[in-house]
Structure formats: C-alpha cells, structure tokens
Amino acid sequence: MGDNISMHVQAVRATAVLSILLWTKVAATNLGLGGAKNEAGGRAPEDTYQKKSEEVSEEAKVAQDRAQRMVNNDLENIPYTMVMAWGSLFCIYFGDDDAVRDQQALAHIVLYSLFVVARFGHSITYAKAWAYPRTLAWLIGFMCTFAIGVNGAVASFKIP
C-alpha cells in the first residue's frame, strides 16, 4: 500500500472519526441532562436518589430546562446531518471522475468538520447562556448541513 491515500478514502476516515466525536458530544450532553434532572427532581418517580421536590432550587429547574433544550436541539440537527454526511459520502465515493471526486471529498471533509465544530460550539455557548454566539454556531452548522446535502446530490450525478 502506497503513502498516497486518495482524498475519497481520507473522506471516509474523516467522516468516521467526526461521527464518533459528534456522538461523544451527544452522549456528554445527554449525561448532563441526566445530572440536571437529578438535581431538579425531574427523573422518573422510582428514581429515589434524586432530590425531592421540596429540596429543589429554582436554579436547578432552570438548569434542567437549559439542559433539555440543548438535548432537543441536538436531536433536531445531529442525526439528520450524520445521515446526510454518510449518504453524501456514498455518492462521492462512487463517482467516476477522479478530479471531481477529490474536490467533492475535500469539500465534504471541510463541511462536516465545520459542522462538528459548530455543534460543539453550540453546546458550549448554550451552556454558558451566550445567545448571539450560540445562534451563530447553530447557523453555521445549519448551513453546513445544506452544503453537505448539495455536495452529495451533485456527486450522485457522477456515479456511472
């Protein structure tokens, strides 16, 4: 095997690594929600280790609401983009024009990387209650999702 790894193979590897990083972020956000629910008495009634309603502060209720919103936003954006990224990659991988395939693979790596960074940024800014940076991070991720889809759709026309 030579040292020159084709760009579309690099895109497969990058997509796999980025997907794992993204899923790790989702898991951390979900664990954060579990902890916030525990502190706010928001878990299932049989979870007797959680705080009792009379022990819960208003701050804990606000933290639970914020954590829930973060998880909801992840659920509204990440699964769809992950599916779109892998579908786009499939179309890129099977293209028959090497030069075009390399360009599309590079675009895919950049766009999916930017999406992952934006989602990490979104979670951090959401946790810090920074409205404008959070909105910017969300918007960047949202635009990347569309660009990933368009890149894959264009690539699909190069499949023999």
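A surface patch, as the word is used here, is made of residues with over 30% relative accessible area and no salt bridge, and nonpolar side chains are joined into one when they lie within 5 Å. In this predicted model, Val17, Leu21, Phe120 and Ile124 form such a nonpolar patch on the surface.

**The nonpolar patch**
- Together, Val17, Leu21, Phe120 and Ile124 present about 340 Å² of accessible area.
- Two helices, α1 (7–40) and α3 (98–127), each supply at least two residues of this nonpolar patch.
- Phe120, which is found in helix α3, is partly exposed, with a relative accessible area of 32%, and because a patch takes residues with over 30%, that value lets Phe120 count.

**Fold and contacts**
- Read along the sequence, the elements follow one another in the pattern α-α-α-α.
- Among the contacts in the chain with a separation of 6 or more, 75% are between residues 24 or more positions apart.

**Overall dimensions**
- The C-alpha trace spans about 65 × 35 × 25 Å along its principal axes.
- The radius of gyration of the chain is 20 Å, whereas a compact globule of 160 residues would have one near 15 Å.

**Surface and interior**
- Of the 160 residues in the chain, 36% are buried.
- The accessible surface of the chain comes to about 9500 Å², and carbon and sulfur atoms account for 66% of that area.

How values were computed: Residues numbered from 1 in each chain as written. Predicted model: local features only at pLDDT ≥ 70, side-chain atom pairs only at ≥ 80, totals over all residues. Heavy atoms only, no water. Patch = residues over 30% accessible without salt bridge, like charges linked within 9 Å, V, L, I, M, F, W, Y side chains within 5 Å. Areas by Shrake-Rupley, 256 points an atom, 1.4 Å probe, with all protein chains shown as cover. Salt bridge = Lys/Arg side-chain N within 4 Å of Asp/Glu carboxyl O. Helix = DSSP H or I, 4+ residues; strand = E, 2+ residues; numbered from the N terminus. Buried < 20%, exposed > 50% of the residue type's maximum accessible area, 1.4 Å probe, protein only. Rg over C-alpha atoms; globule rule 2.2 N^0.38 Å. Contact = heavy atoms within 4.5 Å.
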